Amino acid sequence: MSKTNVAALDIPYPTMIKTCHPIFLFVIMGALIAVVGFYQSWSIALAILQLCLISSIMALGVNIQWGYAGLFNAGIMGFAALGGLAAVLVSVPPVKEAWAAGGVNIVLAAVSGLATIGAVLFVRARIERPFRILAITPIIIIGFLVVRWFFDPAVEAIEGYNAAHYGFLGGAGLPIMFSWILGGAFAAGAAWLVGKTVLRLRSDYLAIATLGISEIVIAVLKNEDWLARGVKNVTGLPRPVPYEVNLQKVQWFLDLTANLGADAVSASSIFVKICYIFLFLLVLAALMWLANTALASPWGRMMRAIRDNRDAAEAMGKDVTSRHLQVFILGSVVVGIAGAMLTTLEGQFTPGSYQPLRFTFLIWVMVIVGGSGNNWGAVLGGFIIWFIWIEAEPVSLWLMGFATSSLDTDSPIRNHLIESAPHFRLFLMGAILLLVLRFRPRGLIPEE
Amino acid sequence: MEDVLNALILMTNFVLVPGMAYGAQLALGALGITLIFSILRFANFAHGDLMAFGTMITILLTWWLQGAGFSIAPLPTALLALPFGIIAAVTFSLVIDRSIYRFYRQQGAAPVVFVMVSLGVMFTLNAIVRFVVGTEDRRFIDGERFIISAGEFKSITGLAEGLAFRQSQALTVITAIILVVALFWFLQKTRTGKAMRAYSDNEDLALLSGINPERIVMITWIIAASLATIAGVLYGLDKSFKPFTYFQLLLPMFAAAIVGGIGQPVGAIAGGFLIAFSEVTVTYAYKRFLGHLLPESLAPGNLVQLLSTDYKFAVSFVILVLVLLVRPTGIFRGRVL
Amino acid sequence: MRGGYGSVDILKNCTIAVDKGEVVVVVGPNGAGKSTALKALLGMLPLREGCVKLDGIDITSLAPQDRVAAGIGVVPQVANIFTTLTVQENLEMGAYLRTDDFSHSLEHIYELFPVLKEKRNQFAGELSGGQRQQVAVGRALMLEPRVLMLDEPTAGVSPIVMDELFDRVLDIATTGIAILMVEQNARQALCISDRGYVLVQGQNRFSDSGSALLANPEVRTSFLGG
């Protein structure tokens, strides 16, 4: 009970389950994807691989927070969504008319908002306690009214401009790959704010607080249409890789497919997927190198020392709070990058699709299953869990079909079972998490 | 004078009554969370789904009873099915505790491990509920809908504003009062209740006094699962049942428990109402209210809404974060986090 | 008795005995294993050798809770009351294992500690240090134990409170309960004791009557500060 943060789940586990060699596990993983390629289609297999890569980057980010420092961040969804927002703000061309209609007021609203915060901080530092609240309250009220004064007409004007297609300010019109950096920066900013406020909480409260904050982020993204169209979604984001239709017109590609004896249409889709995979692999490799270097460095050893015995580290003069803030920001940056990559891949930003089960808790399952504290474990967890998450549905459909094959095709039981097959994956995730926690609490590739 | 009366009626109809009902539902859920926290010492992330599970069983039985022609009109049939929903939720909780949580208790695992485990339970319960009833919105209320409807109220009083009081709201408030009184009587007056408080206060000394922890844990699950099911059914009667909504209720319930002071039953109740009323008042459009009170020349042109209704859920998280910042022990000085 | 944490033996050949109505005090320097010895008697420490007997019955294999039920009352050194429960509820929790009517014991404790009767509906956490210790002792007595073990009951209380507490301890002994006390305030504790043990490095260094130990020059110079 006295331990506040315990990263390596401190449970003895049966020694009979031997640790497999990590490379062996990755080979099995590759083989599984290949099986999908042979039996379903290579397009599906590559699509799974793309998201496996993104998932493992997210898991890597969470592992930096949890595995290195024992911070329980349940706000992954929020950081991923901020990355997605970055993708929109970087790549979409600016909507000039919307800027003309409400740009000035939005800027004024932002300025007055910042001024209010500044005034509150100023007063807070100057005035003693009993009178502080008396001084701050009117500032906040006035500030709120001023912000709304500029903000409301601005929003109305911006959202009023061609609402069917725009109704938002647009972005910077830059290549979308820049958003991978900006997404990280957004996440860093948010993590700094969040970390400053809630990092001092005990682990499960940190989880609740971050979960709540991520819901706030999503609520804002859903409702502030002027920013990124809210639930009306931004679609058709520009790509960092060629479009299939264009590829099919390029001579060298047609020659290539002709030489390989493949159909140009399906080959183009596979080519595009491979391009993405190449980009994602580059990012993953770079982040893995950074993360492993950091973990092995004196900084990484200090982080783990803090995690394992916070009091002792504090007694030795380590500034635990600021170390925690550091690692919280670093992990969030990685998640933000992955979030921007995901939106880039999907080519659209849909705030409604951010749900904690998929974007927060699923990533947690990845980290726990893979092995908290081990970066390779987190990556492997990302691969395995995403694979199961996707393949659970066809497999359970097949199983249901098999199990109910003796029933009539219009039997209600059969239909109900087949309809609810998609939920099987939730059950599977719960079961996997519980089993791993019980029998393999240090994950598939345990911390060294 | 009539304007003031109209304004008051308006507030009662759109803020006070719905806030009371929602607050009572949150309070019952938050009580369970706070009890589990005091005794098992972890934040139960599966509580919203436990609520959904108990409610689901109740709904299935309600449909069966309705199909078989049973009725306790004017009361909703669901009340007849509720005890079975409670039994199912309690049984489920006890099975999960025996088969899963107890292992970690014996290991003396850190609270965060329990939270992880509760995430696993959350996934599983989520799947079971969606598997059985699907993901759609379900309504299962029957019987008399209104104690007094807006139209009736208007014709009786002759006022411009109506006051509707739904039966589900009345049921919620009455049930919550009865349950809270019973729970407090149990905790304050009975031997087992005192033992629970003692265990929550000082586990080692409780063990030395011969208090059996397994029994305390069992009773905690029984109470928490019952309260969760009742809260879930009342929420479903008042609004509707949808698995995702119930999963989302987890956060306002956590917020209520923490805002009130985690580990403090009184705090959970205060927190529940505080969260509910903040959600309702912050997102309520005061245009008509002010229209009644102010002279016509000053009548507001816009909705006079602090935040749009879409931010309803976000309000509770904002309060949660503020409380964690300003007074981490909550209103009633719960455990220091 | 021989035992310790992990592979380290903190206790070596340590023998402690206490008879009905007797006050026995265990003293010794810091880290001598005084509290460990108490834990061993209570069953919170696995013994590698030796046994714990209560009225001639071997209770070595019993769990702490079962030893409490068998008649060992304990007042731990810290966190020995339920702070959020009232005084009376604390006492009731002490009697949790009893199924008979314990109002007589309750009256008895209120006679022993009149101030507790006055404050019985107050939260125990609101009481002063000395009163808290009274609640702790009272709680342990509610099961009417045959042995009462106190772990440094006077740690952190004022000298006046300490004297008063020792007086009460003597009162309790006269009712026929054996009292075993681990103490930092060696001199005062030995004054009221019938017998005393001086523990050094987990072993009995001296064992004699309290007054004899106080008179022993070696004990005086080494352990009582001259």
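Which side chains meet in a salt bridge at 2.6 Å, N to O? B:Arg197 and C:Glu89. A salt bridge here is a side-chain nitrogen of Lys or Arg within 4 Å of a carboxyl oxygen of Asp or Glu.

Some ground rules. This is a predicted model, where local features need pLDDT of at least 70, side-chain atom pairs count only at pLDDT 80 or more, and totals for chains, interfaces and linings use all residues. Residues are numbered from 1 along each chain as its sequence is written, chains are lettered from A in the order in which they are written, and side-chain values use heavy atoms, without hydrogens and water.

Stay with chains B and C. The count between them is two salt bridges. In contact (heavy atoms within 4.5 Å) are 16 residues of chain B and 19 of chain C. Together they bury about 1700 Å², 57% of it on carbon and sulfur atoms. Buried area is the accessible area, with a 1.4 Å probe, that two parts lose on being put together, summed over both.

Now chains B and A. Each chain puts 51 residues into the contact. The buried area is about 4700 Å², with 77% on carbon and sulfur atoms. B:Met116, B:Phe123 and B:Phe131 supply 17% of the area that chain B buries against chain A, more than any other three residues.
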